Amino acid sequence: MATPDFIRDIRASIGSQLLWLPGVSAVVFDDEGRVLLGKRTDTGGWAVIGGIPEPGEQPAETAVREVYEETAVRVVPERVVLVETVPPVRYPNGDLCQFMDVTLRCRAVGGEARVNDDESLEVGWFALDALPELADYALTRIKRSVEAGPTWFHGMAEERQG
């Protein structure tokens, strides 16, 4: 399901006005160092896997659930990669959302990558030197997931982040 029921309920009250939401992105690597991507049904573009936590759900639980729901791949979250507020997004139906994204690096531990719901047109593993065209946000998340180091916080001076 692309939009959780609790958000549909909120939208029934507020219409299309700006809705501030948590989001979780999962940058998943396999044992060969390839990254798992999904080609989204809503935009037609390739992206890292992600979604909205259910009320009370922890970000790591969201990453595990979303990756499995969308790709049938089982993962173990390894670390927080970045925390960032992304610019507002207006969806084709007119809804306006802004997300506070927590990105987690995850390791694949089972399952075979395949389209597992109606949110993806395709899913697949990609070598880092053979990525399809990706939006800047996805490239940033992949880049930060490959780097060793502390969690990256948007807007903080690089020297203060380690």
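**View 1. The protein has 3 helices and 9 strands.** Helices (H or I, at least four residues) and strands (E, at least two) are DSSP runs, numbered from the N terminus. From that end on, the elements run α-β-β-β-β-α-β-β-β-β-α-β. The radius of gyration is 16 Å, close to the 15 Å that the globule rule gives for 162 residues, so the protein is as compact as a globular protein of that length. The radius is taken over C-alpha atoms, and the rule is 2.2 Å times the number of residues to the power 0.38.

**View 2. The model is predicted, and pLDDT describes its confidence.** pLDDT is the predictor's confidence in each residue, from 0 to 100. Its mean over the protein is 91, and 95% of the residues reach 70 or more. Residues are numbered from 1 along each chain as its sequence is written. Local features need pLDDT of at least 70, side-chain atom pairs count only at pLDDT 80 or more, totals for chains, interfaces and linings use all residues, and side-chain values use heavy atoms, with hydrogens and water left out.

**View 3. Residues 157–162 have pLDDT under 50.** For this stretch the model has 8 contacts (heavy atoms within 4.5 Å) beyond four places in sequence. Across the protein, residues 24 or more positions apart account for 70% of the contacts with a separation of 6 or more.

**View 4. Of the 162 residues, 41% count as buried.** Buried means under 20% relative accessible area (1.4 Å probe, protein chains only). The C-alpha atoms fill a box of roughly 45 × 40 × 30 Å, taken along the principal axes.

Technical notes. Buried < 20%, exposed > 50% of the residue type's maximum accessible area, 1.4 Å probe, protein only.
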